Amino acid sequence: RYNQNQRNYMQNKNQIIICSANLDSCDFYENQERQKALAYNFREIGVAFNSCQGVYKGNKESSFIVVIRTNEQFEQIKNMCLDLFEQDSILYQEISGLCSLIYTDKVEKLGELVEVEFSKAKTLDNYTEFNGKYYATN
């Protein structure tokens, strides 16, 4: 289910994952198809999600914000992104607001996902743009 309301899941301290299906080795059209396939998988397992734009390691990419309601959904999405779609990592925000980068073999603790000015975001290697606002971990 694509969430048409575009609610701000990040500021409400929901349990979310920010992820993408993009790969540096794929061209624009291949990455578009990968994103469509990932969105299809989200619909199949019944999670709410929204499109957003991300920057990861300095590279822009189409991304998704996925609302997590159960541990099973967390595991499904984590495995889908890291294994099936071969992503380096996913960003996970706990209900507490604390974030981590989840890799296949480790977890890197970050801070909270906070709104930042565009002038600050464009100096960072990693940030997310959603509904005209910019977010990064502190």
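Q: How many salt bridges does a search of the whole structure find?
A: A search of this predicted model finds 4 salt bridges.

Q: What makes the contact of Lys36 and Glu33 a salt bridge?
A: The cut-off is 4 Å from a side-chain nitrogen of Lys or Arg to a carboxyl oxygen of Asp or Glu. The side chains of Lys36 and Glu33 meet at 3.3 Å, N to O. That is within the cut-off, so the pair counts as a salt bridge.

Q: Where do Lys36 and Glu33 lie?
A: Both are in helix α1, 3 residues apart, about one turn of the helix. An α-helix has 3.6 residues a turn, so residues three or four places apart point the same way.

Q: What makes Asp88 and Lys57 a salt bridge?
A: Their side chains meet at 3.6 Å, N to O. The limit is 4 Å, so the pair qualifies.

Q: Why does the pair of Asp88 and Lys57 tie together parts that are apart in sequence?
A: Asp88 lies in the loop between α2 and β4, and Lys57 in the loop between β2 and β3, so the pair ties together parts 31 residues apart in sequence.

Q: What makes the phi of Lys57 and of Glu86 worth a remark?
A: Most residues other than glycine have a negative phi, and most peptide bonds are trans. Lys57 is not a glycine, yet has a positive phi of about 55°. Lys57 lies in the loop between β2 and β3. Glu86 is also a residue other than glycine, with a positive phi near 55°. Glu86 is found in the loop between α2 and β4.

Q: How do you know that the span of α1 is close to the expected one?
A: Helix α1 (residues 28-45) has 18 residues. It reaches 26 Å from its first C-alpha to its last, and the expected span at 1.5 Å a residue is 26 Å.

Q: Which residues of α1 are buried, and why are they on the same side?
A: The buried residues are Asn31, Arg34, Gln35, Leu38, Ala39 and Phe42. They cover an arc of only 140° around the axis, which puts them on the same side of α1. What covers them includes β1 (16-19), β2 (49-56), β3 (59-67) and α2 (71-84). The face turned away carries the exposed residues Tyr29, Lys36 and Glu44.

Q: What is found at the start of α1, and what follows the helix?
A: At the start, a side-chain oxygen of Asp27 reaches to within 3.0 Å of the backbone nitrogen of Tyr29. After the helix comes Gly46, whose phi is positive, near 75°.

Q: Why is Gln15 called buried?
A: Buried means under 20% relative accessible area. Gln15 has 14%, so Gln15 counts as buried. Its place is in the segment before β1. Leaving aside neighbours within four places in sequence, Gln15 is in contact with residues including Val66, Ile68, Tyr92 and Ile95.

Q: What makes the approach of Gln15 and Tyr92 a polar contact?
A: The cut-off for the N or O pair is 3.5 Å. The side chains of Gln15 and Tyr92 are joined at 2.6 Å, so the distance is within it.

Q: What pairs with β4, and in which sense?
A: β1 and β4 pair in the antiparallel sense over 3 bridges. Ile17 has Tyr92 as its bridge partner in β4. β4 and strand β5 (residues 98-102) are also antiparallel, over 4 bridges.

Notes. Residues are numbered from 1 along each chain as its sequence is written. This is a predicted model: local features need pLDDT of at least 70, side-chain atom pairs count only at pLDDT 80 or more; totals for chains, interfaces and linings use all residues. Side-chain values use heavy atoms; hydrogens and water are left out. Helices (H or I, at least four residues) and strands (E, at least two) are DSSP runs, numbered from the N terminus. The expected span of a helix is 1.5 Å times one less than its number of residues. Buried means under 20% relative accessible area, exposed over 50%, partly exposed in between (1.4 Å probe, protein chains only). The arc is that of the directions from the helix axis to the C-beta atoms. Contact means heavy atoms within 4.5 Å. A polar contact is a pair of N or O atoms within 3.5 Å; within protein, one must be able to donate a hydrogen and the other to accept it, and residues adjacent in sequence count only if both atoms are side-chain atoms. Two strands pair if DSSP finds at least two bridges between them.
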